[in-house]
Amino acid sequence: MRWLPFQLNPDIPETGIPREEYVARKFGARGKGVNERVTLAGRQVGIPFAYDKMTVQPNTLNTHRLMHFAGRAGRQDELAEELFRAHFMEGAVLANRETLADIAARAGLDRKTVADYLAGDEDKGVIEQADLEARSAGIGGVPFFIFNRKIGLSGAQDPDTLLEAMEQALAEGGK
């Protein structure tokens, strides 16, 4: 499996914006209800979402750069898990490069190497190009699954639907 970049909100400034402002802009009056529904669904499967701890809605360009970096080290899955935990359960500010370096260390990456990487702009153009290609291909949200470069599924899907898509991709000449 490979994680590919896609920014839900590429226009958010690099430092992020207040989460409350973001939710009000994006969802209006129904914003609080959206978080409550997700929190309840998470509780049913053992995921303790903590939207009340989220103070900043981040721009995720540096997060995607870090995922790209982790891919070279074979640690994308571990980093993704730590990023999700930090953001959705701990309320970590993913717009902060030092916070990202701390999270990367939890995922088994060298903190100093990551901090040095994030201090520059290396791979920024790679991520921006990949994000643009995803948008050009019609991807407009996450999660989005691509199986064997043939079958795409958007949104949260039940396991049977995912399995069917995988089988279909295999039947269409996959490995």
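Let me begin with a definition: a residue is called buried under 20% relative accessible area, exposed over 50%, and partly exposed in between, with a 1.4 Å probe and protein chains only. The structure above is a predicted model, in which local features need pLDDT of at least 70 and side-chain atom pairs count only at pLDDT 80 or more, while totals for chains, interfaces and linings use all residues. Residues are numbered from 1 along each chain as its sequence is written, and side-chain values use heavy atoms, with hydrogens and water left out.

I turn now to the aromatic residues. Rings of Phe, Tyr and Trp (its six-membered ring) pair if their centres lie within 6.5 Å; planes under 30 degrees apart count as stacked, over 60 as edge-to-face, and the rest as tilted. By this rule there are seven aromatic pairs. One of them joins F49 to Y51 in a stacked arrangement, at 5.8 Å centre to centre and 25 degrees between the planes. Y51 also pairs with F88, here edge-to-face, at 6.3 Å centre to centre and 75 degrees between the planes. This second pair links distant parts of the chain, 37 residues apart: Y51 lies in the loop between helix 2 (31-44) and strand 2 (56-57), and F88 in helix 4 (residues 76-89). Helices (H or I, at least four residues) and strands (E, at least two) are DSSP runs, numbered from the N terminus.

F49, at 22%, is partly exposed, and F88 counts as partly exposed at 24%. Together, W3, F49, Y51, F84 and F88 form one aromatic cluster.
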